[in-house]
Amino acid sequence: MYILKLIFRNAFRHKLRTWLTVLGITIAILAFGLLRTVISAWYAGVEASSASRLVTRNAISIIFTLPLSYEERIRHIDGVKIVSAGNWFGGIYIDEKNFFANFAIEPRTFFDLYPEIILPPDQMAAFIRDRKGFIAGRKLAERFRWKVGDSVTLRGTIFPGQWDFVMRGIYRGRDKNVDETTFYFQWDYLNEKMKKTAPQRADQIGFFMIGVTRPDIASEVAQRIDNTFRNSIAETLTETEKAFQMSWIAMSQAIVTAIQLVSFVVIFIIMAVMANTMAMTARERIGEYAVLKTLGFGGGYIAALIFGESMIISLIGCACGMAFTFPAANAFGDALSNFFPVFNVERETIYMDIAAALLVGAVAGIFPTWRSVRIKIADGLRRIG
Amino acid sequence: MSLAQTVDTRPIVEIRNVSKSYRRGSQTIPVLQDISFDISEGEFLALMGPSGSGKSTLLNLLAGIDSVDSGSIVIGGLDITNLSEMDLARWRAVNVGFIFQFYNLIPVLTAFGNVELPLLLTRLSGKERREHVNAALSMVGLSDRMDHYPNQLSGGQQQRVAIARAVVTDPTVLVADEPTGDLDRVSAAEILALMGRLNRELGKTIIMVTHDARAAEKAHLIKQLDKGVFIDVHS
Amino acid sequence: MIPFSYNLRNLWTRRLTTALTIGGMALVVFVFAAVLMLAEGLKKTLVATGSLDNAVFIRKGSDSEIQSGIDRLQASTIETQPEVATGENGMPMVAKELVVVIVMPKRGTDKGSNVVIRGTSAGSLLLRPQIRIVEGRLPHPGSSEIMAGTNIAKRFTGGGIGETLRFGMRDWNVVGIFDAGNTGFSSEIWGDVDQLMPAFRRQAYSSVIFRMRDQSGFNVLKARIESDPRLTVEVMRETRYYEKQSEMMAKFLRILGISLTIIFSLGAVIGAMITMYAAVANRVSEIGTLRALGFRRRSILTAFLLESLLLGFFGGAFGLFFSSFLQLFTISTMNFQTFSELAFSFTLSLTIAAQGMGFALFMGFAGGLLPAIRASRLPIVDALRAA
């Protein structure tokens, strides 16, 4: 179509200015995409969590433990299908900078409860057999280049001493939002050592993970569990896994909100600058559009030219921005992998990118279009001379 | 070539074998071909010719804002074709006054500010500059408009400010490129009258490019250019 | 030289574009300054929390008081070290403390946050002279009375004076509010260690702190402690202890903040570049005129560069101006490293202001350089023809 060719030629008349504008929009879209990805990474834990699993911890706070004996009692509560137990170990691998999450768990029940953790059967069998064995997520294993059979030592912080482990498996997540950076080992290993070195700390669980028979009774079951242990030495607080994850985020809500706010405002400004630029270009061409009118082209055609030019520039910038978002997100995710185990670009982000680009193109095109449609030919022509 | 008796016969401008061509893509287009002639001090010369004849190019070369391919131009005893960019700029500031078709005033400066511009390139103090500007503006009859911005002045008034700017450094030559091209008949006549006065009363040498036959009549001397060479001379 | 008013008036003539470009730069400087101010505020809060004169003992290998446990026997050994200073009343300036974390709901929501409870003894206050009671009184030892830091009293339900908290199957009354300035203690609740330990069923202390007689005696103390086979503790100056607590958080803020700033600043520089290129394009005949009149290329370059620097300057000024208002806000969030509540504010220092302005000017320079060079390189004849 001739009009498209014209739009394209016009847009690239001032090559430098057009490319700079495209670059500006690219950067704005890139920044926007990255920020949104940071926000969704923050909530990744929540997204990956299940509403049919419960977490039971000591009612005072997460740093207090629950007696091992609770496990059996919880299992007998109406509506409970699976109970698994675990402790946050908090061990350090060589240096604090290498931070990753590590837990002591009960293997058999754990895998029943978390079907999204996928481990080849032979590795699972080897892990269960070896008391000192551990499994690590794919990303974690890649980071430190661990292979099955490697020996790894963690320095205990909460549970002091040097702890030796042997790698027995590498797990993958079933979905892309499953954390693949965690280290799991056997709770029995932890407990045995505690019985020998600090017996008063043995048989203590950090938290219970519970699978319910039906998701719709989850909150009732939670209530039942807490009622069972009310007024005992260690009162419990049971909530859905989702609620548990949310509570951590809520604690750093301030920062998340700040980032969201900043991202929208700054990007708005950059977009406004770009829109102004495109409007400037369109204004400069008023004379030419007047000439087109004298030749017989109607107001609609002119409007299409102006709008089309704004849109093309905007969309090219958007496409480039989106293209760069993925590698940039990867790099970002790697740099901040300590804080964000999952760092994926959401589909929703892409949609918002496109929407933003369309908005900028439209805003840039509106005023000059309105002007050009209404301008009297004679006035326009005067601008050329 | 005959010269009017009232004018001083020492040539202030000596053009010797000047040639200039432009490159467009792979083609070289000759604009001026081996031109030589003299201009006397106090002369009022009009250069005329069809479009593409090279008249504007010649003017630009005389003004020192373009450079020759070969030949020499000596103004006031100085060969400007040998000067460096820097020296040429300095020379221009003191020796050439410009009058353009579209006035070319700086829109964000007042009339006073525009006229003062060339003086900023000299070592005059603020007070001295003010004196010169006032004198120039009163000469063109715009003293009461010195605080106006160009967009507050009519075409004729803007051109008068431009003329004031052109004479404020008391330059050796005044160079005018279609000075009346954008003016109505009345304003054009005013401007030409002003230029005539500058020539007669202050002895300014004026070289003017124009299509306008009426404007050319104000000059002493008319030279016609066509395809880069002089073709006719009459006074 | 081309007059300065020329530059100013040119910026004013294209007001909208100038305003937008300045706005973009101002926002980048705002973000830049905000991040620096946040990191500064964080550092100030945590470092101020400690004193160079105090030595902190925690279990070897644990990263913070919360993970640490020091049994009574080891605590006694530490108490009797020769470096312990003696207070005015003739008593040694030592405190054996318990540090745990409980969950308290923030006021106005039912969302809980982790809050530090510190079991203290008489020596604890002596060791932290920055703490003052601002409301109520000190809790009586041997009772279920507690006092709360101003940040807790303000933001958490149950932390205000007269309010009650329930944990360890007992009710605890808040009888006083203390202000610890801009330090981490303002986000803590203090009570009698001998009451809190049984309530939380702890047999061991979390940490031992004492004032050193002589600051320089630290190294000798450290060497002796670490070679004593009876002890499994490590010692550091209190300032160093708190500095370590913020490392992860500071690093996170820095990475996030700096990368954001870099990306946004690229955008701002591009905006400035476009603005200046457009300015040059708009004034081509003007440039030709100035050169014809005798102004040198360098003057043209300087003039346009100056305009761009002015954009940067105003952007920086506005950005810093607005960022200074951030000092009115306090961020209340969780410290990732210690899992507990931390409140800190934005701190604007002269250094940060200078850095912000320097950054703004740099953006102006970067954006304006190429257009200014182009302007200065325009051949006179072509420029005049563009009238």
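## A sheet to start with

In what order do the four strands of the open sheet in chain B line up? The order is E2-E1-E4-E5, and the pairing is antiparallel. Here two strands count as paired if DSSP finds at least two bridges between them. Strands themselves (E, at least two residues) and helices (H or I, at least four) are DSSP runs, numbered from the N terminus. At the edges sit strand E2 (27-40) and strand E5 (78-79) of chain B, each pairing on one side only.

Look at one pairing inside that sheet: strand E1 (residues 11-24) of chain B runs antiparallel to strand E4 (residues 70-75) of chain B, and five bridges join them. Helix H1 (residues 55-63) of chain B lies across E1, E2 and E4 of chain B and runs at about 120 degrees to E1(B). Axes are lines fitted to C-alpha atoms, for helices over the stretch in contact, and angles run from 0 to 180 degrees between N-to-C directions.

## What you're looking at

This is a predicted model: local features need pLDDT of at least 70, side-chain atom pairs count only at pLDDT 80 or more, and totals for chains, interfaces and linings use all residues. Residues are numbered from 1 along each chain as its sequence is written, while chains are lettered from A and ligands numbered from 1 in the order in which they are written.

## Who touches whom

Two pairs of chains are in contact, and chains A and C share the most contacts. A contact between two residues needs their C-beta atoms, placed from the backbone, to lie within 7 Å. No contact joins chain A and chain B; their closest C-alpha atoms lie 10 Å apart.

Between A and C, 41 residues of chain A meet 42 residues of chain C. On the chain A side, helix H2 (15-42), strand E7 (151-156), helix H10 (241-251), helix H11 (253-284) and helix H13 (299-335) each supply at least two residues. H11(A) gives the largest share, twelve residues. By class, this side of chain A has 27 nonpolar, eleven polar and three charged residues. Nonpolar covers Ala, Val, Leu, Ile, Met, Phe, Trp, Tyr, Cys and Pro, charged covers Asp, Glu, Lys and Arg, and the others, Gly among them, are polar.

The other contact takes 17 residues from chain C and 18 residues from chain B. Helix H1 (4-13), helix H10 (284-293) and helix H13 (380-385) of chain C each give two or more residues to it, with H10(C) giving the largest share, five. The chain C side divides into nine nonpolar, five polar and three charged residues.

## Two domains in chain C

The domain assignment of chain C gives domain 1 (4-47 + 247-385) and domain 2 (54-211); such bounds come from an automatic or database assignment. Their C-alpha centres lie 46 Å apart, and twelve residues of domain 1 are in contact with 14 residues of domain 2. On the domain 1 side, helix H2 (15-49), strand E11 (330-335) and strand E12 (340-345) of chain C give two or more residues, and E12(C) has the largest share with five.

## A covered strand in chain A

Strand E12 (residues 236-240) of chain A is mostly covered, with four of its five residues buried. Buried means that 20 or more other C-beta atoms lie within 10 Å of the residue's own, with C-beta atoms placed from the backbone. Five bridges join E12(A) to strand E1 (residues 53-58) of chain A, and the two run antiparallel. One bridge pairs A:Thr56 with A:Thr238 in E12(A).

Technical notes:
A residue is buried if 20 or more other C-beta atoms lie within 10 Å of its own, exposed if 12 or fewer, and partly exposed in between; C-beta atoms are placed from the backbone.
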